[in-house]
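Hello,

Here is the structure you asked to look at. Please open it next to this email and find each residue as you read.

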Amino acid sequence: MTLYFHNASQSRAIDRFAIEQKNIPGLLLMKRAGLFAFQTLLNQYPNANRLLIICGTGNNGGDGFVVAQLALMAGLEVDLVLNGQPEAIKNDALLAYHELQQLGIEPVVFKPELIESCDVVVDALFGTGLDRPIQNPVADWIEQINAGKTPVLALDIPSGIAADTGRILGCAVKAEHTCTFITRKIGLYQFNGADYSGKVHYNPLFLDQTILQTKTAVAENHPLKYWLNLLPERPKTSHKGSAGSVCLIGGDFHMMGAIQMAGLSSLKVGAGLVKVITHDEHGIALTQALPELMCYSEEAFSELTQTAKVIGIGPGLGLNEWGKSLFLRAKALPQPKVVDADALKLLATHPERQDNWILTPHPGEAGELLGCTTDEIQGDRINAVKAIQKKYGGVTVLKGNGTLIYDGENLEICLAGNPGMAVGGMGDVLTGAISGLIAQGVPLFTAACLGVTLHAHAGDILAQQKSQLGILPTELASTISQLLTYADKQNA
């Protein structure tokens, strides 16, 4: 199933369209949101008896008022804290507040003891409209909530997380679970959003697709099988030449393992021939470690690159004259290219725009490509990936939690992967995998999306089998090849 992600303004526009054009009462949507949140709370915390619900005066607070109503009617004890004066509550939220008052509930003053005495904190302070840093006294409340051991359920988005970017606006509630409504907010899956949202539970509130699709999604996510089924079928007359030839360039002194891992990964995704250009003295060691690799010195550059269907450059390339010379020569080649690691740093100092390459920067390398800091990249990853693609062309893969793939038109987000993959060599495996897929005739954007998705899912499988700690990139490459069997159409 394809998943769609929207930003804050789109989410509010869809909400307004449902109310104003489809005549769905806003209070009904609020009650649907509150019911879903309360059901989620009971499912996740079945032994909860006392809730602390902290509400703002807007619609996010209105969702909290509905949760409070349902909790009281179910026999739970509820303490309600209101940020602001009741006079500030308007429209549907005010109706929900009046209904809550009919059950005998009035707001209480926030005290740390309320956190300690409850079983679950419900965060209904700020929704997607927050666009400024949170100030005291609410910032102090959030600090105390995060410092406590009481679990938190956030409504729509954890208060303090920017819905478009995942940035922390001064401070943010750290939730174990987040119930998000109508749309999947892209900020829940980017930067700090992923850490602060916990497990995200989505509900469209019974709105049909004609309403949900009134705004084109910012990004999409397709399952692994979708991308696997785009692999070309391999005829029975296939041979190693028709299966695709990859030329990988890199492996400077002290970094020979990087190009070896890239080569292993290209082979594991099905490339027929993998040839490596590296230092002459590295060739014997590489072929001893992985006999399927064919290793050459830079003197063979012209001959090898003429027959290669794709060039993968960067793993262990280095930034000295050897690496720089190879990069400049490779950059001028007409074949599709996958550019990673040191090759990205060299590209930043020798900028050029091409349509037939895939750039795979992590946030630090992305900062070099755009001349800004890593924090600036992470603070708005969507604009960053679009800016890199606009400047350099082709397809950009911005790695990190919620990896983004963008070709100038389509933006794919990968939801798989885990922190255990933060190990040197993981990017080399990704470079090799994408290169091997391109060699087999897979279009660039598809190869980037399939490579990223295979890579991330393989990491998750290894984390489940052993733990997140200690995952090795070489293990990942072998797991990738196992995942290829999940395509509906099996290659001969």
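Predicted model: local features only at pLDDT ≥ 70, side-chain atom pairs only at ≥ 80, totals over all residues.

Residues are numbered from 1 along each chain as its sequence is written, and side-chain values use heavy atoms, with hydrogens and water left out.

Start with helix α3, residues 59-73. Helices are DSSP runs of H or I with at least four residues, and strands are E runs of at least two, numbered from the N terminus. Eleven of the 15 residues of α3 are buried, so the helix is largely enclosed by the rest of the structure. Buried means under 20% relative accessible area, with a 1.4 Å probe and protein chains only. Among the buried residues are Phe65, Val66 and Val67. Just after α3, Gly75 has a positive phi of about 95°.

Next, the contact (heavy atoms within 4.5 Å) between α10 and α20 includes Met261 and Leu264 of α10, and Pro473 and Ala477 of α20.

Last, Asp340 sits in the loop between β14 (337-339) and α14 (342-349). Is Asp340 buried or exposed? Asp340 is buried, at a relative accessible area of 2%. Its side chain makes polar contacts of 2.9 Å with the side chains of Thr360 and Thr431. A polar contact is a pair of N or O atoms within 3.5 Å; within protein, one must be able to donate a hydrogen and the other to accept it, and residues adjacent in sequence count only if both atoms are side-chain atoms.

Regards

Technical notes
Expected span 1.5 Å × (residues − 1). Buried < 20%, exposed > 50% of the residue type's maximum accessible area, 1.4 Å probe, protein only.
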